[in-house]
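Student: Hi! Could you walk me through this one?
Tutor: Happy to, here it is.
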Amino acid sequence: MEDKALSEILSRIRAEAGPAQVLLSPWKRGLTLLPCWGLLLGTVLFVFGLRMDYQELGNLAGGGFSTIQVAVAYGLVTLALRSVIPGSNPSLFFASASLGAAALLHLTFALISNVLSPQRAAEGEALHLVLVCLGSTFLLGSVPLIALAVLAKRGLPIRPRLSGILLGMAAGLSSEAAWRMHCPVTSLDHVLNSHTLAILVMIVAGFVLGSAWRKA
Amino acid sequence: MSEEKPLIELMIAYQKGDLSAFESLYRLIRPRLRSFLLGLTLNSALADDLLQETFLQIHRSRATYQPGRNVLPWAFGVARYVFLMDRRGRVRRREDPALEPECIDIPVPHELDGVFDRDLFNKTLPLLHADQREVLLLHHVWGFSFREIGQILGIRPVTAKLRAHRGIRSLRREFERLAVTDPYPGAKFKEK
């Protein structure tokens with residue numbers, strides 16, 4: 001019985017029994033996020049330019065907040081890539097707590113930026129700016145989301161939707177970190193309705209991606 | 001686990017394309033994976049089908065094994081993935097995800113033979129909640145630490161501990177219901 005089963009498996013796998021290209025550890029594979037972010041940041045700075053209130057914000061609240069946000073996004077990517085390696089899944093509690101902490105950090109940065117450099121959108125331009133920021137952050141975020149999804153697809157996700165949400169949040173945070181280097185509007189209604197909403201849309205995109213993995 | 005070293009060496013050789021290493025690996029881990037799947041499905045025919053699929057999946061996913069790490073938690077993780085995929089497929093096809101449970105026979109390691117009454121254990125096991133049964137088997141039968149169980153199932157070690165504890169308590173209740181003396185006198189739960 002055992003030998004019959006084994007020979008059946010061997011006959012099926014023999015054709016593709018070459019050496020496997022071993023996956024790097026999740027924290028090394030997660031570094032893919034950094035060139036992606038570099039690309040987004042370069043695009044934002046060269047095409048749209050640095051935000052005009054950068055001097056008022058200073059290096060910490062200007063570039064520092066973005067860097068910290070990307071570091072947090074990198075942590076989420078590492079978690080997501082761990083969650084697709086059998087036998088090394090992060091707990092649901094830890095993953096949820098990490099998502100919550102990342103969201104809190106993003107909101108805290110938005111609040112501090114608003115205190116340091118309160119900037120509102122000009123009369124009649126608020127909606128236009130919301131749409132521009134929402135669309136740009138989402139479009140920029142789709143680059144790391146696709147790249148990371150390709151990486152994650154090589155694993156076996158036990159909770160594909162959770163893995164997708166983690167990737168979506170990471171992609172959203174990194175694209176927002178790049179876009180905030182250009183967008184000078186810090187009023188909370190603008191940030192929540194465009195930047196934060198774009199992150200939420202990325203999370204939903206990650207969830208949809210995870211659902212697709214689940215069905216595949 | 002002391003037996004992990006040869007498994008790690010076999011797995012690394014297999015990743016390099018050595019099929020004889022796969023054969024040795026198959027013979028070493030097959031009984032454990034089968035009994036794990038039997039504990040999950042409570043159906044020997046389905047467990048055998050899923051076992052075949054698990055080894056095929058192990059082959060397709062051999063690149064995801066991180067050299068040097070313990071092989072068993074990884075292999076059990078793959079088996080669990082295959083089980084979940086099968087269950088999701090059944091739900092999608094509107095089939096009953098849980099087949100009719102049958103009288104199963106989970107092999108109990110020798111060192112636990114004196115502690116478990118094997119027949120009663122196998123009779124009462126299907127009565128446990130699936131989550132509790134899974135953790136109980138992983139810890140008490142296959143000897144995984146709660147940390148490893150947490151990583152296989154994607155739960156906190158403390159949650160795994162709690163489920164095992166509740167599983168033992170439910171087993172005790174079932175034993176009492178069957179008017180049998182407590183098979184775990186003074187059982188303690190220690191993190192391995």
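Student: Which side chains meet B:Arg34 or B:Asp48 in a salt bridge?
Tutor: Those two meet each other, with 2.6 Å from N to O. The term stands for a side-chain nitrogen of Lys or Arg within 4 Å of a carboxyl oxygen of Asp or Glu.

Student: Where do the two sit?
Tutor: B:Arg34 is in helix α2 (residues 19–41) of chain B and B:Asp48 in helix α3 (residues 44–60) of chain B, so the pair, 14 residues apart, links distant parts of the chain. Helices here are DSSP runs of H or I, at least four residues, numbered from the N terminus.

Student: And what are the ground rules?
Tutor: This is a predicted model: local features need pLDDT of at least 70, side-chain atom pairs count only at pLDDT 80 or more, and totals for chains, interfaces and linings use all residues. Residues are numbered from 1 along each chain as its sequence is written, chains are lettered from A and ligands numbered from 1 in the order written, and side-chain values use heavy atoms, leaving out hydrogens and water.

Student: How many salt bridges are there over all chains?
Tutor: The count comes to seven.

Student: How many residues does each chain bring to the contact?
Tutor: Chain A brings 41 and chain B 40, where contact means heavy atoms within 4.5 Å.

Student: Which element gives the most on the side of chain A?
Tutor: α1(A) does, with nine residues.

Student: New topic: why does the length of helix α8 of chain A agree with expectation?
Tutor: At 1.5 Å times one less than its number of residues, the 28 residues (188–215) should span 40 Å, and the end C-alpha atoms are 38 Å apart, which agrees.
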